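Visitor: I would like to go through the salt bridges here. Please show me the model.

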Amino acid sequence: DDGLRHRLDLWRRQSPAHDAAWRDLAGLDALLVADQRATGATPLAARRRFRPPALAAAVALAACLALAVLPSLHLRWRADAVTGTGEIKPVTLADGSRVTLAPDSAIAVTMDKDHRAVTLLRGEAFFEVSRDPARPFTASAGSSSARVLGTAFNFRRHADGAEISVAEGSVQVSRGERSHRLGAGDWVDTAAVDLTAHGTVPAELVAPWRQGQLVVKDRSLRDVVDILRRYHPGAIIMQLTSSDGPGHG
C-alpha cells in the first residue's frame, strides 16, 4: 500500500547499501518471473489467493530468505570462480597464469590487451603469474593491491585489509598512497596504513594450506577461528583454560 511504499522509499534513501539490497532483490524477482515464463509455470497468484495473514507470513518468510541468500547470490553473480567450505580449487586464467583458491573464497577476473586484473572478493588465493612485461598483473582486495610482472604470491583478504606474502619474484604492494616492495619470503599486512606490519618467512612456508597445513603465528584467537571456519562446516567450540583449570582466566 501507499504507506508501506513510502516507508520503503525512505529506507532506500537512508543508505546506498539499502538501495543496492533492494535492487538485488528486484533482480532476483525478475529471474524468478523469467524462470516461470521459460518453464510455463503458472504464477502462484493465478492459482489461488492468499488471505491477508497468510500473505503477510509469506512476505516475511521471503524477506528472511532474501536476507540470508542475497549476499551469497550477489557474490556468485560477481565472481568468476568460487569455492565452498573446505574446498580448494585450481583455476587457469586465459593468459596461462594459475590461481589456487583457498576454501570459502571468490575471485573476479578481467583480462584485455593492456592489463590483467583479479579481484579477491572473499577469502584467500595463491597466484602463479605468467610473465608478460606488456601486461602487468594486478591482484586487489578493497583498497589493497599487489602489482607484478611474473611471480608467485599469496593474497589473503581480511576485514581490515589484506595480507600478502611472496614465494617467488617480487611484488609491489599498495594501499592508498603507500607502497611496499616485497621479495621472496617477505610478507606485509596492509591493515597498518603505513604498511609497517611486515616481516619474512621461509619461502616454502608461503601458503602452506595448499599442502593441507595451517601455520599460525602472532594472530588473535578471533583470526584463528575465522580461518578455521573456512575449512570446517561444523561448529567450532573454544574452551579457555588457565593454571586454575578449565573455565578460569
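Visitor: Are glutamate 163 and arginine 156 buried or exposed?
Guide: Buried means under 20% relative accessible area, exposed over 50%, and partly exposed in between (1.4 Å probe, protein chains only). On that scale, glutamate 163 and arginine 156 are both buried.

Visitor: What is the basis of these values?
Guide: This is a predicted model: local features need pLDDT of at least 70, side-chain atom pairs count only at pLDDT 80 or more, and totals for chains, interfaces and linings use all residues. Residues are numbered from 1 along each chain as its sequence is written, and side-chain values use heavy atoms, leaving out hydrogens and water.

Visitor: Which residue forms a salt bridge with arginine 122?
Guide: Arginine 122 is partly exposed, at 31% relative accessibility. The closest N and O atoms of the pair are 3.1 Å apart. The partner is aspartate 104.

Visitor: How exposed is aspartate 19, which pairs with arginine 12?
Guide: The two side chains form a salt bridge at 2.8 Å, N to O. Arginine 12 is partly exposed, with a relative accessible area of 24%. Aspartate 19 also counts as partly exposed, at 22%.

Visitor: How many salt bridges does the rule give?
Guide: Side chains of opposite charge can pair when their charged atoms come close. By the rule used here, the count is eight.

Terms used. A salt bridge is a side-chain nitrogen of Lys or Arg within 4 Å of a carboxyl oxygen of Asp or Glu.
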